Amino acid sequence: MPVKPSINDIAALAKRRGFIFNSSDIYGGYGGIYDYGPYGVELVNNLKKAWWYYMVQIRPDIVGLDSSIFMSPEIWKASGHVDGFSDPLAECKECHTRIRVDHILEDLGVFADEKMSSEEINKLFQENIGKIKCPHCKKCNFTEARKFNLLVKSNLGNFSDNWTETPAYLRGETCQGIYVNYLNVMQSSRVKVPFGIAQIGKAFRNEISPRQFIFRTREFEQMEMQYFTHPDNELEEYEKLRKYRWNFFTKFLGFSEKNIRWHQHENLVFYAKEAYDIEYNFPFGFKELEGVHARGNYDLTQHQKGSGKKLDYLDPITKEHYVPHIIESSIGVGRLVLATLTEAYTTIKDDDGERFVLKLHPLIAPIKVAVFPLLKNKPQLVEKAEELYGRLSKKFMCEYDDNGNIGKRYRRQDEIGTPFCITVDFQSLEDNTVTLRERDTTKQTRILIDEIIHTINMEKWS
Ligand code: GAP
């Protein structure tokens, strides 16, 4: 029976095996920010490549973009982020722990609407205060709840002392860069509605309570695709996108259907036509992995007002003018990493005791093949193994390991999810064969060196 890992199991494995480290670790860490280590960066790159392949490469109707992190502050005003992008916060007066009031209320079954003012949220908070304890010191002595803006300010280009009054922001989401480039893309790449623009990039939010490892962080990457539709087709295209995104997880990445589900938003923001999240069964339960939302023409209309530029579309056949409606798919890379690690983490108990295997899809695995010489003090074995490593590493990410006994080397590769291990032994010197060991079955077969690439056939995984 597979045992579900706890978030601490995942974090421990991620650190021990060089996937994820606390930022600024030797200085005691830096709240809500993480670094990806040697295997983490491979995993992240593979997940981003998979998303890009699925969302851009095989979609003739979607093009890519890489917009800047800094943008005109007017964009954040027009989008509503300067006035409305905030979370409600209260602070424990005893130990100064800050709590997300909406999360605490939600746990009690009380819903705090995003549109509520600080006063309204505080009223709800005070009504329920008897049931609320500080998660750290367990006392109940809080400041009033107030809304706190999530945009991260900078002094870019402002050399005065009062830069906090007129700051440049680090982007709080990547899609604003897509909206404000919609006209440029349309005029330069001959796309026709319906079409999409996709981008992957960093976003920054002053999260009050970053938590659950890389689930909620202050610096993170998003993979977002905004799809521009005719107003009459918005919901039809939306249903197609929902199905397409569901298949990304279940068919393309191979996630088990029992670990993901749809969550429909009950309280839609006034401009939204429909909103569902894809939730994943993280170690701490089902939580949002990705948002798939039908946003009407709100975003382009706001930027039309803010910039004074017309952002409507002229249909080349019907000659109809309209502001396209947008459907979006938005996922955080860190959340996908966490879901992928949770999905793959497998505990195996056998005669050797308990061990872990990361059953990562070969396409996603950081290292595809590990090459071992049976013994590191036999120059002929080492030479042959190094030669093989040199050959294979031109094709895929490989690792050369000559440390410890073969069993230990297999365990290490199992823990980082390497699907294939190859051992060069004395027989290899005579007949040019090696042992190929598969991670999931632990089956070992003897094959010719010249047949390795054909046998593991990474093409079939892509
Ligand atoms: N453009 C829409 C948008 O940004 P969102 O629900 O705020 O919507 C979309 O974010 C996705 O980005 C989420 O589903 C999640 O995967 C990821 N995300 C949001 N905030 C995050 C954070 N603080 N840390 C990590 N990922 C986050």
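How far is a nitrogen atom of the ligand from an N or O atom in the side chain of glutamate 328? In this predicted model, select both: the distance is 3.3 Å.

Zoom to glutamate 288, where an N or O atom of the side chain is 2.5 Å from an oxygen atom of the ligand. Then pick glutamine 222: an N or O atom in this side chain is 3.0 Å from an oxygen atom of the ligand.

Next, select helix H2, residues 38-57, together with helix H9, residues 234-252. Their axes are 12 Å apart and the packing angle is about 140°, which makes H2 oblique to H9. The crossing of these two helices is right-handed. To see the contact, show side chains on H2 for Ala50, Trp51, Tyr53, Tyr54 and Met55, and on H9 for Leu241, Tyr244, Arg245, Asn247, Phe248 and Phe252. The residues of this contact comprise 9 nonpolar, 1 polar and 1 charged.

On the H2 side, select Leu43, Val44, Leu47 and Lys48; on the H11 side, Val333, Leu336, Val337, Thr340 and Leu341. By class, the contact of H2 with H11 has 7 nonpolar residues, 1 polar and 1 charged.

Note on methods. Residues numbered from 1 in each chain as written. Predicted model: local features only at pLDDT ≥ 70, side-chain atom pairs only at ≥ 80, totals over all residues. Heavy atoms only, no water. Axes fitted to C-alpha atoms, helices over the stretch in contact; angles between N-to-C directions. Helix = DSSP H or I, 4+ residues; strand = E, 2+ residues; numbered from the N terminus. Parallel < 35°, antiparallel > 145°, perpendicular 65-115°, else oblique. Left-handed = near helix turned anticlockwise from the far one by under 90°. Contact = heavy atoms within 4.5 Å. Nonpolar A, V, L, I, M, F, W, Y, C, P; charged D, E, K, R; others polar. Polar contact = N/O pair within 3.5 Å; in protein donor to acceptor, adjacent residues only side chain to side chain.
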